[in-house]
Amino acid sequence: MDDKLFEIMQFGIYTASILLILIGLYAALTKKSLIKIIIGLSIVDAGIHLMLVAIGYVKMGTAPIFSPGFEDAAAKMVDPVPQALVLTAIVIGFAVTAVALSLVIRLYRHHHTLEIDEIKNLKW
Amino acid sequence: MKKFIVILMLAALGFYLGQTFYELGFGNARFEHGVKDSYLEKTVSDLHVANTVTSIVVNFRGFDTLGEVTVLFLAVTALGGILYKKRHQTGARSVLFSSSSIVRSGSKLLFPAIILLGVYVFVHGHLSPGGGFQGGTIVATGFLLMLLAYKDFSVSHNVLSFVESFAGIFFVLFGLAGFIGGGTFLENFMPVGTMNDLFSGGIIPIVYILVGFKVAAELTGLIYTVLHEKD
């Protein structure tokens with residue numbers, strides 16, 4: 001990978017992850033539909049995962065897998081710890097989304113609407 | 001007005017995040033003798049496992065993975081509890097898709113291949129990218145395909161809960177077996193074998209296979225519960 005591409009990546013990945021977090025927060029704060037709020041929270045999740053993996057990147061690094069013939073390549077490998085943490089975070093994010101969507105189904109069954117403005121007892 | 005305030009707040013947040021990460025830099029090796037080097041070193045010398053991410057998830061942070069599996073189990077249980085129905089209220093599937101005969105025969109053809117790919121991914125979790133969570137999810141997508149294509153395809157809840165509890169109990173038992181040699185919980189007590197062999201890494205492939213079965217059963221049960229949700 002040449003230096004020019006690395007320069008683009010350097011700003012591109014952090015910018016993309018920050019933008020994903022901001023877009024997700026915007027959706028969660030301004031949208032009225034419960035499904036759209038949950039989609040926004042999932043987008044925040046994706047942005048944070050991208051950010052964590054990007055922090056662990058080492059310049060010109062390879063995947064942290066010791067393939068046959070490359071048993072001594074440890075010095076060039078990217079940080080595996082954020083990747084393992086993101087693996088955990090993806091599963092937790094999935095579980096949270098599933099429970100949130102089931103709560104939405106329950107609310108829809110009770111109120112017959114998904115708009116938070118029309119669900120009166122959620123107002124404060 | 002409300003949107004304006006939100007955009008202002010997000011702009012401030014974005015500015016500070018951007019500033020922080022600009023100063024942090026991209027692609028620098030941050031820790032000279034950090035936990036990364038010790039993990040990479042011990043993965044080769046002590047565990048003989050090729051995939052470092054797997055060795056961290058299952059061995060060095062195995063207790064964390066047990067907690068993660070518990071969170072997934074709790075989420076599926078909570079989903080079942082939230083969408084709970086009395087028995088006489090449940091019946092036919094509520095979410096129905098009309099599927100053509102091309103989709104039906106195609107999914108019948110693809111189903112064994114998807115299951116095989118999922119099993120391959122979680123059996124080879126210590127050698128190549130992949131592992132229990134990923135492989136279990138692939139197996140569950142196979143069941144999702146069959147549930148979408150066939151109206152009368154059903155999975156037994158008893159079998160699912162049996163597989164799930166079996167895998168969970170054996171995960172904990174393998175953890176407790178680490179005490180036998182005077183070690184700690186979830187310590188690698190089995191011979192590690194030679195590197196890049198299928199039978200290597202001690203308890204790591206066994207635990208990941210159990211995790212794969214558990215995740216596949218939980219996700220299939222979750223899909224089944226949501227598809228049978230009735231208004």
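1. Start with helix α3 of chain A, residues 80-111. This helix has 32 residues and reaches 46 Å from its first C-alpha to its last, close to the expected 46 Å at 1.5 Å a residue (the expected span is 1.5 Å times one less than the number of residues). Helices here are DSSP runs of H or I with at least four residues, strands are runs of E with at least two, and both are numbered from the N terminus. Just after α3(A), A:His112 takes a positive phi of about 60 degrees.

2. Before going on, a word on what you're looking at. This is a predicted model: local features need pLDDT of at least 70, side-chain atom pairs count only at pLDDT 80 or more, and totals for chains, interfaces and linings use all residues. Residues are numbered from 1 along each chain as its sequence is written, while chains are lettered from A and ligands numbered from 1 in the order in which they are written.

3. Which residues of α3(A) are buried? They are A:Pro80, A:Val81, A:Pro82, A:Gln83, A:Ala84, A:Val91, A:Ala95, A:Ala98 and A:Ser102. A residue is called buried if 20 or more other C-beta atoms lie within 10 Å of its own, exposed if 12 or fewer, and partly exposed in between, with C-beta atoms placed from the backbone. The cover over these residues includes α2 (34-55) of chain A, and from chain B it includes α2 (35-47), α3 (52-60), α4 (62-82), α6 (132-149) and α8 (204-227).

4. On to the interface: 38 residues of chain A are in contact with 40 residues of chain B (contact is C-beta atoms, placed from the backbone, within 7 Å). On the chain A side, α1 (3-30) and α3 each supply at least two residues, and α3(A) gives the most, with 16 residues. By class, that side has 27 nonpolar, six polar and five charged residues. Nonpolar here covers Ala, Val, Leu, Ile, Met, Phe, Trp, Tyr, Cys and Pro; charged is Asp, Glu, Lys and Arg; the others, Gly among them, are polar.

5. Chain A as a whole has three helices and zero strands. Buried residues make up 23% of the 124.

6. Chain B has eight helices and zero strands. The radius of gyration of chain B is 22 Å, well over the 17 Å from the globule rule for 231 residues, so chain B is more spread out than a compact globule. Buried residues make up 32% of the 231 in chain B. Of the contacts in chain B with a separation of 6 or more, 73% join residues 24 or more positions apart.

7. Last, one helix pair in chain B. The axes of α2(B) and α3(B) come within 10 Å and cross at roughly 80 degrees (axes are lines fitted to C-alpha atoms, for helices over the stretch in contact, with angles from 0 to 180 degrees between N-to-C directions). That makes α2(B) roughly perpendicular to α3(B), a label for angles of 65 to 115 degrees. The contact uses B:Tyr39, B:Leu40, B:Thr43 and B:Leu47 of α2(B), along with B:Thr52, B:Ser55, B:Ile56, B:Asn59 and B:Phe60 of α3(B). These residues divide into five nonpolar, four polar and no charged.

Key
Two residues are in contact if their C-beta atoms, placed from the backbone, lie within 7 Å. Angles under 35 degrees count as roughly parallel, over 145 as roughly antiparallel, 65 to 115 as roughly perpendicular and the rest as oblique. The radius of gyration is taken over C-alpha atoms; the globule rule is 2.2 Å times the number of residues to the power 0.38.
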